Amino acid sequence: MNEQPYRLGMIGLGTVGSGVLELLHRRESTLVRRLGRAIEVKKIAVRDTSRSRPYLSGFGEISDLLTDNPDEILEDPEIDLLVEVAGGVDEPRKWILKALENGKDVVTANKAVLAVHGKDIFQTALSQNQRVFYEASVAAAIPIIEMLQNGLIANGITSLSAILNGTCNFILTQMEEEGLDYETALKLAQEKGFAEADPTLDVSGGDAAHKLALLAGIITGSHVPIECIYSEGIQEITSSDFTFARDLGYAIKMVGTLKQHGTGAWEMRVHPTLVPENDLLAQARDEYNAVSLVGDAVGRMSVMGKGAGSLPTASSIVADVLRASRGEREGGNPHGLNVPELVPVGDVELPHYIRLEVKDNPGVLGRITSFFGMHNISIRSINQPEAQMGHTVPVIIITHTCKDKILTDGLEELKKAGLVEQGFTHIRIQE
Ligand SMILES: NC(=O)c1ccc[n+]([C@@H]2O[C@H](COP(=O)([O-])OP(=O)(O)OC[C@H]3O[C@@H](n4cnc5c(N)ncnc54)[C@H](OP(=O)(O)O)[C@@H]3O)[C@@H](O)[C@H]2O)c1
């Protein structure tokens, strides 16, 4: 037994930070047994040290640990590890770089800082011979990074599709199961703490793109700037789309996809997707996340778990703390410096779901099918569910596999041609 404890300093004591303290306390004897020495939380930086934090059972004298000055952690030579669970981009970048330069390893749950400043951070870690662990930053409770870095190391991963944003998944689940419209489902997500007051980053696909960029970096052994990921949000989907999708045997999910082509280039995209209802991704409800991947040795495999929340996220942080304290090398710098070759989204070939609103006048379906034919978009099925002469009605079209650019250019032309009454929904279909 090593007499010296392994000492960590934490920046942030909110939802995730309090979960980390709870689990370090709850699992203390197991962690000491596994590590051969105690893990000590030496300092915690917060914004407001005067706020009472009554929920921290097991840490009676918590106020003694608090500081509002992160430098007290970053400049303390006795602290081995920085656990960054504050959030944000600019300040965490500075804290993480300073910790690495001062000889500390780093554990973070912050996908935004890694997606935006990962190159800088991982290079500094490499040059300082320190490590950055970030399991909790992608799919919270699911140990997908550990799987990709270690458990599946013998595989080339050729494709991955994943639900990576709990806020979108909660909203889409409520729209599907309760028939709520987008605005009502978003409000419910905010009331239940599943969505921020400003939900833009989540519902626009930005947050899922950050996470997909981190997974893409590990899988391709490259640096994947966030701009490499094509993203679209969920704001245009209506509750009626769920009914039509269900009739066709699909669920609507916000899916991040990585797929390698025969040329070696990669599709990297995040957007609403029609997923066959028997697919694991379709089973992930509310704040759950799920990942399906194909490895060249293991074939297809899938995993599902909570993508947010205090203890589910802290579970991954504590695993990283243990890895760091054991001196494990993995997590140091899996990302290379090169940027992978990309397949532009316009060249991606998929079937598509399109819902148009049209005036139910004689010949309207014929005019629409001719229009698609003229634009080289082949229709697999067309359905007009609630025809009522002279009224606006939806028309649901499923296309055969078609290049994305041909489809999106065709839809723009359709809008200009005045064949549709209002906007339309366009959702790509997972094959
Ligand atoms: N919540 C989740 O389910 C979840 C899941 C996966 C990843 N994450 C990531 O985990 C991180 C933390 O999320 P959270 O939900 O725990 O956030 P949170 O509840 O808002 O807590 C943030 C904590 O950071 C402290 N803080 C903020 N700015 C600070 C500063 N400049 N100096 C010192 N302390 C500062 C706050 O201090 P006060 O307490 O004084 O306000 C608070 O304790 C984020 O990067 C987030 O993306 C969260």
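Visitor: How many helices and strands are there in the protein?

Guide: This is a predicted model, and the protein has 16 helices and 18 strands.

Visitor: What makes the protein as compact as a globular protein of that length?

Guide: Let's set the value against the rule. For 431 residues the globule rule gives 22 Å, and the radius of gyration here is 24 Å, which is close, so the protein counts as compact as a globular protein of its length. Its C-alpha atoms fill a box of roughly 85 × 45 × 35 Å along the principal axes.

Visitor: Which domains is the protein divided into?

Guide: Domain 1 covers 6-137, domain 2 takes in 144-306 + 336-345, and domain 3 runs over 349-429. The C-alpha centres of domain 1 and domain 3 are 52 Å apart.

Visitor: Why is the crossing of α1 and α14 called right-handed?

Guide: A crossing is right-handed if the near helix is turned clockwise from the far one by less than a right angle. The angle between α1 (residues 15-26) and α14 (residues 310-325) is about 65°, with the axes 8 Å apart. α1 passes α14 in the right-handed sense.

Visitor: What makes Val-16 one of the residues that surround the ligand?

Guide: A residue counts as near if its C-beta atom, placed from the backbone, lies within 6 Å. 24 residues surround the ligand, and Val-16 is among the closest, along with Gly-12, Gly-14, Gly-87 and Ala-308. Helix α1 gives the largest share of this shell, 3 residues. By class, the shell has 12 nonpolar, 8 polar and 4 charged residues.

Key. Residues are numbered from 1 along each chain as its sequence is written. This is a predicted model: local features need pLDDT of at least 70, side-chain atom pairs count only at pLDDT 80 or more; totals for chains, interfaces and linings use all residues. Axes are lines fitted to C-alpha atoms, for helices over the stretch in contact, and angles run from 0 to 180 degrees between N-to-C directions. Helices (H or I, at least four residues) and strands (E, at least two) are DSSP runs, numbered from the N terminus. Ala, Val, Leu, Ile, Met, Phe, Trp, Tyr, Cys and Pro count as nonpolar, Asp, Glu, Lys and Arg as charged, and the others, Gly among them, as polar. Domain bounds come from an automatic or database domain assignment. The radius of gyration is taken over C-alpha atoms; the globule rule is 2.2 Å times the number of residues to the power 0.38.
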